[in-house]
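Dear colleague,

I am passing on the structure we spoke of, and below it you will find my notes on what came out of the analysis. Please read them with the coordinates open beside you.

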Amino acid sequence: MPAQPANKRILLKLSGEALMGDDAFGINRATIVRMVGEVAEVVNMGVQVAVVIGGGNIFRGVAGGSVGMDRATADYMGMLATVMNALALSDAMTKQGLVPRVMSAIAIEQVVEPYVRPKALQYLEEGKVVIFAAGTGNPFFTTDTAAALRGAEIGAEMVLKATKVDGVYSADPQKDPSAERYTRISFDEAMSRNLGIMDATAFALCRDQKLPIKVFSIFKHGALKRVVLGEDEGTLVYA
Ligand SMILES: Nc1ncnc2c1ncn2[C@@H]1O[C@H](COP(=O)(O)OP(=O)(O)OP(=O)(O)O)[C@@H](O)[C@H]1O
Ligand SMILES: O=c1ccn([C@@H]2O[C@H](COP(=O)(O)O)[C@@H](O)[C@H]2O)c(=O)[nH]1
């Protein structure tokens, strides 16, 4: 008998920045196709998958703010960047036989449907992949917080943060080569140590809702499937 998934419904946070692949900006076609292939594997195992996509490959509000833009305006640009990523993801999913539905936290109805919680739940029950675009719909937040928020709203059993590093480290591993990876760490410890893998708002929301997070590398082939099968992969952040 094939291995059974450990979770029935997950919220997958996909790194926007990872979509660039080896490019300097934007969406690398081969990368998005490969990422969707990994998602398809777990959807085809019968897992209900909702996705929050980041926007770091196109625009981050903090970058606009740092060069003198009004921060809220820059954040709306960042949220619109996630809508572009969501459309690209949806297109790649359709081409690989999945049935995606993009729902936006910002009204943009000629492009994608608005986020309506009961509709999202219905799509998930039907086996469709729901892609949440435009983050929380509010400036001064991040798509990690959107992942925590939507994860809690849809009753996901876990938030899976698929990113460029293979777990939570004692310091940013892209800056400190001596950083050590945790296999598991509590929310309280991650927050008290100020570990920059996720923002404090996202951590606090997941902690309060007792919603565990798994952090793993989206570049490691098969890692998403191993996480869904409950195998030893990445870092578990627990309440
Ligand atoms: N303690 C830490 N452990 C692991 N990674 C860390 C840590 N501190 C900082 N980081 C950095 O956090 C990054 C991931 O966070 P971030 O949410 O900014 O990126 P992302 O997942 O690519 O998101 P986006 O969707 O916004 O593009 C990693 O690439 C890593 O360099
Ligand atoms: O709820 C949200 C989510 C995102 N933003 C803005 O979008 C960009 C891109 O999101 P990342 O999480 O960094 O990938 C972010 O930098 C914010 O500017 C937002 O305002 N509100």
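The secondary structure of the protein chain, in what is a predicted model, amounts to 8 helices and 9 strands. Its radius of gyration is 17 Å, close to the 18 Å that the globule rule gives for 239 residues, so the chain is as compact as a globular protein of that length. Along the principal axes, the C-alpha atoms fill a box of roughly 45 × 40 × 35 Å.

Of the 239 residues, 51% are buried, and among the contacts between residues at least 6 apart in sequence, 72% join residues at least 24 apart.

One helix I looked at in detail is α4, which spans residues 117-125 and in which Ala120, Tyr123 and Leu124 are buried. Seen down the helix axis, the buried residues of α4 fall within an arc of 100°, and therefore they line one face of the helix. In general, an α-helix has 3.6 residues a turn, so residues three or four places apart point the same way. Pro118 and Glu125, on the other side of α4, are exposed. The cover over the buried residues of α4 includes the strands β1 (9-14), β2 (48-53), β3 (100-104), β4 (113-114) and β5 (129-133). After α4 comes glycine 127, with a positive phi near 85°.

Key:
Residues numbered from 1 in each chain as written. Chains lettered and ligands numbered in written order. Predicted model: local features only at pLDDT ≥ 70, side-chain atom pairs only at ≥ 80, totals over all residues. Heavy atoms only, no water. Helix = DSSP H or I, 4+ residues; strand = E, 2+ residues; numbered from the N terminus. Rg over C-alpha atoms; globule rule 2.2 N^0.38 Å. Buried < 20%, exposed > 50% of the residue type's maximum accessible area, 1.4 Å probe, protein only. Contact = heavy atoms within 4.5 Å. Arc of directions from axis to C-beta.
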